[in-house]
Amino acid sequence: MLHAALPDDSEVTGLLALMLLVHARHRARTAPDGSLIPMADQDRSLWDRRGIDEGIALITAALPRGPTGPYQLQAAIAAVHDEAKSAETTDWPQIAALYGVLLRLDDNPVVALNHAVAVSMVAGPRAGLVLLQRLEADSRINADRRFHAVRGHLLETAGDHAAALEAYQAASQVATNLQQQRYLNQQIARLSSSGTQATG
């Protein structure tokens, strides 16, 4: 309705595109038992291609029309994710660059966290961990489940399983959503099991 009332407003168009592009993945986000499925592991055949095509058309039309705002950039990032046929073919350099631009517009710790993830996909987990160090003193995010979970993932990818386990445990302790807790507890159990096997 808002887009219909303001069809020439690029940020309104960007917001609608973002909503469509994110919602298009909703059927693949959870398993039948309700557990969370990370984007990299999702069955992309369950993604809503019509919604993705509509979102991409909207953001493609909006970007050249004037000042680029946060919603347009977030929609552009979502479009890059949704266009990829697999996690392996995702254009992470473009996503990292878009998050870099978004950070210059919006000093948002969640954006910084996502930027660190994107950079890690381009330059390796250690590069992402360096960026996370800047957020350790940021009270807006440093006690958040997302910060600890991302740190755990990057530490695990870097091979530091003991530190990753601690980070996942910290994330689980502050998670308020049952699905999130289940997912994090699965990571804790998996790492604990692998650590026991390695020392057994």
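**View 1. Helix α6 gives the largest share of the lining of the largest pocket.** Its share is seven residues. The model shown here is predicted.

**View 2. The largest pocket has a volume of about 1,700 Å³.** Its lining counts 41 residues. Nearest the centre lie P38, M39, N114, V117 and V150.

**View 3. Helices α6 and α8 pack with their axes 11 Å apart.** The angle between them is about 10°. Angles under 35 degrees count as roughly parallel, so α6 and α8 are roughly parallel to each other. On the α6 side, the contact uses V110, L113, V117 and S120. On the α8 side, it uses R146, F147, V150 and L154. By class, this contact has six nonpolar residues, one polar and one charged. V117 and V150 also belong to the group nearest the centre of the largest pocket.

**View 4. L21 sits in helix α2.** Is L21 buried or exposed? L21 counts as buried because its relative accessibility is 0%, and buried means under 20%. Beyond neighbours within four places in sequence, L21 contacts I52, G55, I56, A75, A78, A79 and D82. Y168 is 147 residues away from L21 along the chain. The C-alpha atoms of L21 and Y168 are 29 Å apart.

Key: Residues numbered from 1 in each chain as written. Predicted model: local features only at pLDDT ≥ 70, side-chain atom pairs only at ≥ 80, totals over all residues. Heavy atoms only, no water. 1 Å grid on protein atoms, 1.4 Å probe; cavity = no way out; pocket = protein on both sides within 12 Å on 5 of 7 lines; lining within 4 Å. Points joined across faces, edges and corners; volume = space filled by probe spheres on them. Helix = DSSP H or I, 4+ residues; strand = E, 2+ residues; numbered from the N terminus. Buried < 20%, exposed > 50% of the residue type's maximum accessible area, 1.4 Å probe, protein only. Contact = heavy atoms within 4.5 Å. Axes fitted to C-alpha atoms, helices over the stretch in contact; angles between N-to-C directions. Parallel < 35°, antiparallel > 145°, perpendicular 65-115°, else oblique. Nonpolar A, V, L, I, M, F, W, Y, C, P; charged D, E, K, R; others polar.
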